[in-house]
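Open the model in your viewer and keep the selection tool at hand. The tour goes stop by stop.

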Amino acid sequence: MSPLPSPSAGRLGGPPSLPALVRTRLRAAVRRPSRLSPQEAEDRALLLRLISLLLQYPDAELVAARDDLADRIRSLEPTPAARHLAAFAGWFPAEDPEALERHYVEVFDLRRRSSLYLTYYLHGDTRRRGMALLTLARRYQAMGWDVDGGELPDHLPVVLEFAALAGPGPGEAPLRRHRRGLDLIHRALEAAESPYRHLLAALLTLLPPATEADEEAVAKLAAEGPPDEHVGLDPYGAGEFAPPDAFVPPLPAPPTSRAEGLR
């Protein structure tokens, strides 16, 4: 099997200008056996890539690509996920860039319940979280994906990019495992009336429906929070992850472009 491309660094770096962005980030997923037809698998991968891209920090290059992305969303088949994406696309292109940046930091960096680091919801600040991060990184490596980037492997845009590339079976397994955390993020964004709630809603339509046990667990998680042990995150090292209620500035991107990672 040929190796999958590596994820980008930082908040996956800054998106390239379109049409390069569309040609690379929206490229069809690597084909893997599934119940989906080839066209269905390609359409699903496109949705995951769009959600991944739009959940990234709205830097200057992503802002410059907003109109093209909105056009691409409007061309999607009218599925529930596409309708949620269209709701987000109705807001995103018209917003002031500085206001977009402030809003993104407020909802994803300053609020514990809408952090984009998925293993936090399952393991909190415990030793198990460090092992979960390592397990996730090894999953990527086993599929031929180089995870030597600037983001932790549980950052939702990274998890989504892997799902799009590796397919609905093994590629989407981390999303299914963290379904309850995704539900909590969605609830928090709804409570904040953030337009980013539409992206989480789109993603949840692609996953198996929540069970009664899922709903009870999410309600408990919302009330009590995840486990809290206040330990370091070895083997990733101290200081790599701050609690979600603390400001985490974007990590510096390497000199290569985001598009390069998906060629």
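**Stop 1: Val63**

Select Val63 and, leaving aside neighbours within four places in sequence, show its contacts (heavy atoms within 4.5 Å): Pro58, Pro97 and Leu100. Pro97 is 34 residues from Val63 in sequence, yet their C-alpha atoms are 6.8 Å apart. Val63 belongs to helix 3, residues 60-64. Helices here are DSSP runs of H or I with at least four residues, strands are E runs of at least two, and both are numbered from the N terminus. Is Val63 buried or exposed? Val63 is buried, at 14% relative accessible area. Buried means under 20% relative accessible area, exposed over 50%, and partly exposed in between, with a 1.4 Å probe and protein chains only.

**Before moving on**

This is a predicted model: local features need pLDDT of at least 70, side-chain atom pairs count only at pLDDT 80 or more, and totals for chains, interfaces and linings use all residues. Residues are numbered from 1 along each chain as its sequence is written, and side-chain values use heavy atoms, with hydrogens and water left out.

**Stop 2: the whole chain**

Zoom out. The chain has 13 helices and 0 strands. Of its 263 residues, 52% count as buried. Take the contacts between residues at least 6 apart in sequence: 76% of them join residues at least 24 apart.

**Stop 3: helix 2**

Select residues 38-54, which form helix 2. Pick Ser52 in this helix. Ser52 is buried, at 1% relative accessibility. A polar atom of the Ser52 side chain lies 2.8 Å from the backbone oxygen of Pro157.

**Stop 4: helix 8**

Select residues 127-142. Helix 8 has 16 residues and spans 23 Å from first to last C-alpha, close to the expected 22 Å. That expectation is 1.5 Å times one less than the number of residues. Colour its buried residues, including Leu133, Leu134, Leu136 and Tyr140. The buried residues of helix 8 pack against helix 7 (119-123), helix 9 (156-166) and helix 10 (173-177).

Methods:
Polar contact = N/O pair within 3.5 Å; in protein donor to acceptor, adjacent residues only side chain to side chain.
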